[in-house]
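Please open the model in your viewer and keep the selection tool at hand.

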Amino acid sequence: TIFTTTFYKDDPVSQVREKLAVKLLENANELGVKVVVVDGGSNESFLERIKLLPNVSLVVDPTVTMGESRREALGKAVVEFHTPFYMWVEPEKDRLITSESLTEMLFPLREGVTDIVVPKRKSMETLPPFQANLEQRANKRASEITFGEDVGDSEVLDMWFGPKLFNESAVPYFTEYHSKLDKWDAVLKPVINAHSDGKRLAGVEVDYEYDPSQSESEKGDREMKKKRIEQYATILAEMGDSFWKRKIEAGETNVRKFFK
């Protein structure tokens, strides 16, 4: 079962992103994959479109926070569908929901050789350059926190890609996670916690391209760049990175100066 969260208003970036979300849900429907969506109060046009999809179980909850919405979506997926495997994916990653990619990502889970799969992009060339550079740095640091400072390049997990797949034994790490930030970290830190408890992690390469319409809509968007920098600093701080933890605790929230 796929679980995800949505929130689209009427601004230009939302209009691009909601089209990709509909594509993802339609792709899942064609493949017979169930999806639980917790929506934070999107525009009615988007909600009406996804209500027509028979594979989608929709909850509209404008009061829910980011971390809560992800836990709510997973909790509903477990109760309503109780499948062997669960997948978190951002709703705009429609190109990832294909028969080939799902087969590749699920293989080590089905074989019982891992508990959590962290999909890895074969290339970041289709990402905006700033985002690609930031995410490569973030992946390296997150992997050092997970595996140790001497982690090799081949062991670096693509944590910042977003999607995570896991079996039932890993579900509690995601449903019971809470933090002060409790935003983007809600699907990242549980992976580290699970690994520290002995759960097995595996990176699986997938052939994924960032949708050009999304890249174009974000080009020159200062708020999006600011958001990505905030994600980088606050998530790493929540993961236990001492540098960013000190900066955040000292109130140095304007982290953009560290990326000049």
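**A tour of selected side chains**

A search of the whole structure finds 15 salt bridges, a salt bridge being a side-chain nitrogen of Lys or Arg within 4 Å of a carboxyl oxygen of Asp or Glu. The model is a predicted one, in which local features need pLDDT of at least 70 and side-chain atom pairs count only at pLDDT 80 or more, while totals for chains, interfaces and linings use all residues. Residues are numbered from 1 along each chain as its sequence is written, and side-chain values use heavy atoms, with hydrogens and water left out.

Begin by selecting Arg200 and Asp115, whose side chains form a salt bridge with an N to O distance of 3.2 Å. Arg200 sits in the loop between helix 7 (189–196) and strand 7 (201–206), and Asp115 in the loop between helix 4 (99–110) and strand 5 (116–121), so the pair ties together parts that are 85 residues apart in sequence. Helices (H or I, at least four residues) and strands (E, at least two) are DSSP runs, numbered from the N terminus. Arg200 is partly exposed at 37% relative accessibility, whereas Asp115 is buried at 7%; buried means under 20% relative accessible area, exposed over 50%, and partly exposed in between, with a 1.4 Å probe and protein chains only.

Next, select Asp153 and Lys140, where the salt bridge has an N to O distance of 3.7 Å. Asp153 belongs to the loop between helix 5 (129–147) and strand 6 (164–167), and Lys140 to helix 5, 13 residues apart. Asp153 is exposed, with a relative accessible area of 62%, while Lys140 is partly exposed, at 27%.

Now move to Arg141, which forms a salt bridge with Glu149, the closest N and O atoms being 3.2 Å apart. Arg141 is buried, at 19% relative accessible area, and Glu149 is exposed, at 56%.

Finish with Asn139, which lies in helix 5 and is buried, with a relative accessible area of 4%. Which backbone nitrogen lies 2.9 Å from a polar atom of the side chain of Asn139? The nitrogen is that of Met159. To see the surroundings, select the residues that Asn139 touches, among them Arg121, Met124, Val156 and Trp160, not counting residues up to four places away in sequence; contact here means heavy atoms within 4.5 Å.

Key
A polar contact is a pair of N or O atoms within 3.5 Å; within protein, one must be able to donate a hydrogen and the other to accept it, and residues adjacent in sequence count only if both atoms are side-chain atoms.
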